[in-house]
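Have a look at the model first, then read on.

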Amino acid sequence: MPVRLNRYLASTGVGSRRAADEVIRAGRVTVNGAAAELGTLVSEADDVRVDGRPVQVQAAMVVLLHKPAGVVTTVRDPQGRPTVVDFVPAPVRLFPVGRLDRDTTGLLLLTNDGALADRLMHPRHGVRKTYVARVAADPGEPVLERLRRGVELDDGPTAPAGVRLAGPGRVEITIHEGRNRQVRRMLAAVGHPVRALHRSAYAGLELGDLGPGEWRELTDAEVEALRDA
Ligand code: URA
């Protein structure tokens, strides 16, 4: 069955559909020898090439990484800083699912399956992410309640969140949005700037015994569960 070119490219490890659109727009893709356009439809029978090289549909690989602090969530950093993909030597090209700030630690998925990454990142699917933030002083119950109900940020109010005190100076926040620096901004907005931030869970997955910099491949059953998430 013919599919849109960006969807097809996403299954070959080029990246998410949006990343694939950029590659198409840049004129780097040909279909049966002709320059491809955004809406081009393709099937297995077509000769699809990026930069002149034929692409191939790849088996999906999903890796769970315990991201250390000081590492950037990108595939390549123009400033030469260590990136999350440096930690995972893999036979296929992996890219991160979403983003953690450079100084945020914790659970990050990497995959070559652009369609799965798109699904997980799409706001409609509301994937749950749990963070533990270290703050200087324990917020009182009224502050926790404000965070639960939603706080006003410069790009609009946050959706209801799960919030509890997880220990002295530790606030656990579960959100299903994925705005830029959201947890840091939420806590700053209620007067409790974040000193350190860690993601402990994502889409029902947890880090288990993995230490910073360690990773494991998800099992087929875990990948299936993510597809249904
Ligand atoms: N919220 C943040 O503020 N930072 C992250 O890295 C992730 C969520």
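Predicted model: local features only at pLDDT ≥ 70, side-chain atom pairs only at ≥ 80, totals over all residues.

**Layout**

**Where domain 2 meets domain 3**
- On the domain 2 side, 16 residues are in contact with ten residues of domain 3.
- Putting the two together buries about 1,100 Å², and carbon and sulfur atoms account for 40% of that area.
- How many salt bridges does the rule find across the interface of domain 2 and domain 3? There are two.
- Arg-181 and Asp-101 pair up through their side chains in a salt bridge, at 3.5 Å from N to O.
- As for polar contacts, eight residue pairs are counted between domain 2 and domain 3, with both residues at pLDDT 80 or more.

**The domain 2 face**
- Strand S9 (105–111) and strand S16 (205–206) each put at least two residues into the side of domain 2 that touches domain 3.
- S9 gives the largest share of that side, with five residues.
- Sorted by class, this side of domain 2 holds eight nonpolar, four polar and four charged residues.

**Around the ligand**
- The residues around the ligand are Leu-100, Asp-101, Thr-104, Tyr-131, Arg-181, Gln-182, Val-183, Arg-184 and Leu-197.
- Arg-181 and Asp-101, the salt-bridge partners, are both among those residues.
- Thr-104 has a polar side-chain atom 2.8 Å from an oxygen atom of the ligand.
- With Arg-184, a polar backbone atom lies 2.9 Å from a ligand oxygen.
- Gln-182 also brings in its backbone, with a polar atom 3.4 Å from an oxygen atom of the ligand.

Conventions
Residues numbered from 1 in each chain as written. Heavy atoms only, no water. Contact = heavy atoms within 4.5 Å. Buried area = accessible area lost by both parts, 1.4 Å probe. Salt bridge = Lys/Arg side-chain N within 4 Å of Asp/Glu carboxyl O. Polar contact = N/O pair within 3.5 Å; in protein donor to acceptor, adjacent residues only side chain to side chain. Helix = DSSP H or I, 4+ residues; strand = E, 2+ residues; numbered from the N terminus. Nonpolar A, V, L, I, M, F, W, Y, C, P; charged D, E, K, R; others polar. Near = heavy atom within 4 Å.
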